[in-house]
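Biologist: Before I use the terms in this model, I want to see each one set against its definition. Can we go through them in turn?

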Amino acid sequence: MAASSRSIAVFGAGYIGLVTAACFAQLGHRVTVRDIQPERIRLLQAGDIPIYEPGLGDMLAQNKERLTFTLDASEAVQEAEVAYICVDTPPTASGDADLSRIWAVIDTLRDASHLAAVVVKSTVPVGTGTRIRTALDEAGLHHVGYASNPEFTAEGRAVADFLHPDRIVIGTTDDATAALLTRLHTGIDGPVHTMDVASAEMVKLASNALLATKITFINEIATVCEATGADVTQVADAVGLDHRLGRHFLNAGLGYGGSCFPKDSRALRAMASNTGYSFQLLNSVIEVNDLQPRRAVQRLKNELGTLRNRRIALLGMTFKPGTDDMREAPSTVLASRLLAEGATLTCWDPMARPAPTEPWALAERHPTVVQALTGADAAVVVTEWPQLLDTDWNTARDLMRTPLLFDGRNMLDPAEFAQAGYTVMSIGRATARPC
Ligand code: UGA
């Protein structure tokens with residue numbers, strides 16, 4: 001139990017809200033989680049979790065006496081000292097972040113004059129905190145502190161990222177709120193950086209944009225490697241040894257996906273555009289990333305002559321391994337493009353829960369990799385699930401119509417697979433042909 005256990009209300013029972021709630025409960029705080037979706041709350045009250053995130057279920061179970069789940073906003077705040085807002089901020093048609101869920105929470109806090117602080121963890125445009133501060137003041141809550149405390153947790157390792165962060169960013173100019181939030185994080189292994197609200201909001205957007213830029217940069221280098229005969233993996237390994245650059249986020253592939261990089265890079269671009277500034281570098285990052293799965297389809301088409309009536313197996317559907325999240329997954333663009341070219345699709349993924357609409361409604365899903373590969377003219381490694389390394393590729397080769405692999409994540413050894421009779425196309429490396 002933490003030396004000073006606090007009472008916290010967490011608004012939003014999504015990836016961020018549940019991880020925040022579970023980790024604060026683990027630190028000894030009492031947490032009430034409020035969501036507006038009855039089914040989600042019903043599941044949580046019954047001890048189930050509505051999402052897949054490694055370690056989260058165990059942590060919620062271990063701390064269940066300190067966790068409450070409710071649909072009722074007033075119940076969530078009645079005992080709370082701090083209200084954490086962790087609702088989603090999806091993109092609008094203009095690319096701006098939709099803040100309506102945040103404002104809906106702020107509206108429910110107007111009478112919560114006993115709160116010590118309101119904290120936003122959701123990713124928001126710079127300036128949001130100033131507007132919230134004004135709204136709180138107008139509601140007579142001048143004495144309630146406000147802070148931005150952005151999250152830097154990645155899906156699949158969110159619990160570990162929360163408990164062992166590179167940094168905890170606390171954006172507030174109010175010393176009492178900064179001290180309160182610092183105490184709330186006691187027990188977490190990471191340095192606290194306190195700054196003004198706008199800068200904290202920008203740290204989150206800039207971090208994600210820079211990571212997306214790093215991925216895009218190596219994808220661009222990969223394209224040049226393909227044209228010139230260099231090997232992007234060897235290039236990335238050696239470039240990454242420069243400690244000023246680092247090897248992280250230099251894995252070339254089918255482009256970044258997920259609920260964060262695509263949304264946040266567009267939101268930062270929209271935010272800059274709204275001030276009359278065109279963020280040229282980010283424009284290019286977004287455009288290159290959109291092209292990445294399309295380039296793969298074109299390369300497959302060049303190899304096979306046509307994709308019409310070709311049976312293509314997609315191996316992996318989620319935007320990355322270790323999650324069931326399909327949001328902005330490159331696999332969905334790939335599947336749509338392949339269908340548009342007249343291909344038939346089979347697919348395999350151990351966790352994905354795709355929407356039952358096109359393109360996935362038109363793909364045959366199989367429980368094993370080998371079944372998905374049976375009769376295929378080509379297979380595309382879309383998500384680097386470790387199970388792919390344990391697949392019986394010799395059996396698969398004999399069951400495929402053509403042993404052609406497009407390794408969209410550079411996870412397989414091309415020489416080894418060529419030795420086994422496969423043609424292996426990949427990103428930024430020469431195509432390996434059967435020896
Ligand atoms: C990302 C950030 O890494 C977190 O720090 C941040 O808190 C989070 O967004 C967020 O804003 O909530 P996440 O989207 O869960 O986390 O996933 P990442 O592991 O960062 O991967 C994002 C995408 O980039 C994936 O599609 C992945 O396949 C791709 N990627 C990543 C590459 O193509 N190459 C790489 O070298 C690394």
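**Terms and cut-offs**

Modeller: Searching the whole structure gives 26 salt bridges. This is a predicted model, in which local features need pLDDT of at least 70 and side-chain atom pairs count only at pLDDT 80 or more, while totals for chains, interfaces and linings use all residues. Residues are numbered from 1 along each chain as its sequence is written, and side-chain values use heavy atoms, with hydrogens and water left out.

Biologist: Why is the pair R42 and E39 called a salt bridge?

Modeller: The term requires a side-chain nitrogen of Lys or Arg within 4 Å of a carboxyl oxygen of Asp or Glu. The closest N and O atoms of R42 and E39 are 2.8 Å apart, so the pair meets the rule.

Biologist: Where do R42 and E39 lie?

Modeller: Both are in helix α2 (residues 38-45), three residues apart, about one turn of the helix. Helices are DSSP runs of H or I with at least four residues, strands are runs of E with at least two, and both are numbered from the N terminus.

Biologist: What makes R327 and E155 a salt bridge?

Modeller: Their side chains meet at 3.7 Å, N to O, which is within the 4 Å limit, so the name applies.

Biologist: How is the protein chain divided into domains?

Modeller: Domain 1 covers 7-195 and domain 2 covers 196-435; such bounds come from an automatic or database domain assignment. The C-alpha centres of the two domains lie 32 Å apart. Contact, meaning heavy atoms within 4.5 Å, takes 32 residues from domain 1 and 28 residues from domain 2.

Biologist: How much area do domain 1 and domain 2 bury between them?

Modeller: About 2,300 Å², 59% of it on carbon and sulfur atoms. Buried area is the accessible area (1.4 Å probe) that two parts lose on being put together, summed over both. In domain 1, Y52, V126 and E155 lose the most area to domain 2, together 27% of what that side buries.
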